[in-house]
Amino acid sequence: MNASLGYLNNKSITLIGYGLSNKALGDYFIKNGIKFSVRDRERVDLPNGIVGFFGEDYLNACEDVVFRTPSLHPKLIPQGKQIFSEISFGLENIKGVKIGVTGSDGKTTTVSLINEMLKKEHTSYLVGNIGAPLVSKMDKIGNDDFVVCELSSFQLYDYTPTLDACIITGITENHLDWHTSMADYVFAKRNILKKSKKAVVNYDSPYKEFFSHHNTTYFSLNDLSALAKSGVSCTYLKDGYVYYKNQRLFPIDYIKIKGQYNILNVLGALSCAVDYVSLDSIIEAVKEFEGVSHRAEAVCKINGVTFIDSSIDSTPSRSKSTLTAFENKKSVVIMGGYDKNLSYDILKDALTDAKMVVLYGENREKIYEAIKNSPQKTIIVNDIFEATRVAYKEAENGDFVILSPASASFDMFKSYKERAEKFKEAIRDLENGKNKRNFRSLDE
């Protein structure tokens, strides 16, 4: 059911959770004369005239229609309620060309690059988990404009968006603290396909068959020329060049962002944008794109030690991908944070080139158990400030200190962005001679 303004006008409505997306939704409702209440565990400041329900029983909604914050599982909402979200409201009530991107890794880079490609020839808006909430842009989006939306499994769990194209970047273990199983997680992701006109699917993913679609373009780091000759739409690598449908486009040297995973993100973005802009515009965007903030981002260099902010690495698979970009380079890696009930076993091989791993956060002992038989030294500390100091002390001229947490940030920070800012603050403290706290070695 489409939650249009007309439909909502005579309904009792509540917003459960009052974070970034629901605040934007509330502002939109106020602007359009839609009455609503707000429910949240913690007391929050509300606009004048808006009723709030706070405390442990905030989920006991009596209203007809509920707009849930993405992280709230719909099963926690009383039965019989009509459940929507800010993103579902936005996507169902805008015109224009709608592109959705989901997956476990690479979403942020892929949506950002698609947006840069489209902006060469069109007006394009970057929304969803990255950028602004969609509803904050609704009044600006015209019929000929583009909307590129990053979509999580939380948002897709109970919602099947109508899209002109969708991309599944790849599926690895994630959010098993929220989903009941890996199958539950994958099925939520699969909802992105159901009303999409075209699907762009990572051919290198073991789940590629599960995401098959009547109109699919595959992308791969491997040579798919034989598959392309059979008539299947493919974007792939061959002999150091990027190919699309057996047409050689450009050398991979055009891609500035490092790592095989980033080349894969470029191939996925190209596979989508090629339907809407010229190859010249795509190639120009690829040559200009320098990556996204907090993903293998060089912060600064102190006494020959380079600090790398990859705070966006919220899963072990993301950290593994990031660290491959630093193969054969000596590094000290900072890890740890909120545990999403994931396995950290893949980190053992990913840390082959690490001199030391510094662990902090809620899951530090769990990560240690997974990597304790690796050859590098491992240190456990109390917080990101001490982690940064210890990492710098171990590093030498020419080394890298890499924040790649392999974990979410919610044990200590509101977001991966706040975590990154604290990392940068810790680096500034190093320059000022601060940051002196106790730590202990797990190898002692």
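Among contacts between residues at least 6 apart in sequence, what share joins residues at least 24 apart in the protein chain? It's 64%, where contact means heavy atoms within 4.5 Å.

Before you click around: this is a predicted model, with local features needing pLDDT of at least 70 and side-chain atom pairs counted only at pLDDT 80 or more, while totals for chains, interfaces and linings use all residues. Residues are numbered from 1 along each chain as its sequence is written, and side-chain values use heavy atoms, leaving out hydrogens and water.

**Stop 1: the whole chain**

Select the protein chain and switch to cartoon: you're looking at 14 helices and 23 strands. Both are DSSP runs numbered from the N terminus: helices are H or I with at least four residues, strands are E with at least two. The radius of gyration is 23 Å, close to the 22 Å from the globule rule for 444 residues, so the chain is as compact as a globular protein of that length. That radius is taken over C-alpha atoms, and the rule is 2.2 Å times the number of residues to the power 0.38.

Along the principal axes, the C-alpha atoms fill a box of roughly 65 × 60 × 40 Å. Colour by burial and 58% of the 444 residues come up as buried (under 20% relative accessible area; exposed is over 50%, partly exposed in between, with a 1.4 Å probe and protein chains only).

**Stop 2: the five-stranded sheet**

Now pick out the open sheet, whose strands run in the order E3-E2-E1-E4-E5 with parallel pairing; two strands pair if DSSP finds at least two bridges between them. E3 (51-54) and E5 (82-84) are the edge strands, each with a single partner, so one side of each has no neighbour in the sheet. Neighbouring strands are turned by 25° against each other on average, direction ignored.

Zoom in on E4 (residues 65-68), which pairs with E5 in the parallel sense over three bridges. Val-66 stands opposite Ile-83 in E5.

Next, show helix H2 (residues 20-31), which lies across E1 (13-16) and E4 and runs at about 155° to E1. Axes here are lines fitted to C-alpha atoms, for helices over the stretch in contact, and angles run from 0 to 180 degrees between N-to-C directions.

**Stop 3: Ser-85**

Is Ser-85 buried or exposed? At 9% relative accessibility, Ser-85 counts as buried. Leaving aside neighbours within four places in sequence, Ser-85 is in contact with Phe-67 and Arg-68.

Finally, draw a distance from the C-alpha of Ser-85 to that of Val-266: the two are 181 residues apart along the chain and separated by 30 Å.
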